[in-house]
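Please read the following points with the sequence and the structure in view.

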Amino acid sequence: MTTKATPAPNAPATTTGETTAPRSLRDRAKADAEAQAIATKEPVEFPDRGLRFEVRAMRAGEVVRLMEDGFEAAIERQAEGGAKRVRRARLRTYFPIVIAGSTYDPETGDRVWDPAKESDLEEIRALAVDVFDKLADAGMRVNGLSAEARVARGNVSGAPQSDAPSTDSPSALAA
């Protein structure tokens with residue numbers, strides 16, 4: 001009689017029931033990040049126009065970029081005293097980056113826009129207002145950046161943890 005050894009908790013089973021060598025914590029963290037980005041998704045559809053998007057969670061680096069933009073804008077605002085002008089400049093970038101970093105083609109699994117390309121961000125700014133708003137709202141939700149997500153994390157006042165904007169009307173704020 002043969003018995004199989006019980007696999008280690010971090011050793012994935014193969015299709016034959018055998019186990020592979022245990023993966024490092026680093027490998028498991030990378031695999032988890034990929035799985036969470038795919039698992040945390042929301043469909044955004046405009047059937048009358050033939051538009052179907054899939055909004056997914058961004059990678060940590062992309063969220064950090066958004067927070068850095070907010071931090072830089074806050075410092076610039078203090079230095080120049082021009083709160084309204086700086087806030088608008090930041091919002092012109094903030095929501096398009098959320099949209100570009102989160103929006104995928106559900107048929108191919110590819111990103112629709114590149115958040116690092118200014119030409120792609122300009123394309124996003126030119127979207128119809130309802131498409132822009134729905135994609136921005138979904139992107140904020142799946143990435144934990146919306147007011148509801150902040151409340152769920154225990155920031156019951158709803159005030160942003162960073163200098164991030166609210167999502168009451170993304171298209172109006174980004175104008």
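1. Is Glu107 buried or exposed? The model is a predicted one, and in it Glu107 has a relative accessible area of 67%. Because the cut-off for an exposed residue is over 50%, Glu107 counts as exposed.

2. The side chain of Glu107 meets that of Arg52 in a salt bridge, with an N to O distance of 3.8 Å. This pair links distant parts of the chain: Glu107 lies in the loop between E3 and helix H4 (118–125), Arg52 lies in strand E2, and 55 residues separate them. Arg52 also forms a salt bridge with Glu45, at 3.9 Å from N to O. Arg52 is partly exposed, at 44% relative accessible area, and Glu45 is likewise partly exposed, at 39%.

3. The strands form an open sheet of three, in the order E1-E2-E3, with antiparallel pairing. Strand E1 (41–46) and strand E3 (103–104) stand at the edges; each has a single partner strand, so one side of each is left without a neighbour in the sheet. Six bridges join E1 to strand E2 (residues 51–56) in the antiparallel sense. Within the sheet, Lys41 stands opposite Arg56 in E2. Lys41 and Arg56 also belong, with Glu54, to a network of salt bridges.

4. Helix H5 (residues 129–142) has 14 residues and reaches 20 Å from its first C-alpha to its last, close to the 20 Å expected. Its buried residues include Val131, Phe132, Leu135 and Met140. Gly144, which follows H5, has a positive phi, near 70°.

5. How does H5 stand to the sheet, and which strands does it touch? H5 packs on the sheet and touches E1, E2 and E3, its direction making about 170° with that of E1. A salt bridge also joins Asp130 to Arg49, with the closest N and O atoms 2.3 Å apart. Asp130 is in helix H5 and Arg49 in the loop between E1 and E2, so that distant parts of the chain, 81 residues apart, are linked. Asp130 is partly exposed, at 33% relative accessible area, as is Arg49, at 40%.

6. The protein as a whole has seven helices and three strands, which follow the pattern α-β-β-α-α-β-α-α-α-α along the sequence. Of its 175 residues, 34% count as buried. The protein exposes about 10500 Å², and carbon and sulfur atoms supply 54% of that area. The count of salt bridges comes to eight.

Methods
Residues numbered from 1 in each chain as written. Predicted model: local features only at pLDDT ≥ 70, side-chain atom pairs only at ≥ 80, totals over all residues. Heavy atoms only, no water. Helix = DSSP H or I, 4+ residues; strand = E, 2+ residues; numbered from the N terminus. Expected span 1.5 Å × (residues − 1). Buried < 20%, exposed > 50% of the residue type's maximum accessible area, 1.4 Å probe, protein only. Pairing = 2+ DSSP bridges. Contact = heavy atoms within 4.5 Å. Axes fitted to C-alpha atoms, helices over the stretch in contact; angles between N-to-C directions. Areas by Shrake-Rupley, 256 points an atom, 1.4 Å probe, with all protein chains shown as cover. Salt bridge = Lys/Arg side-chain N within 4 Å of Asp/Glu carboxyl O.
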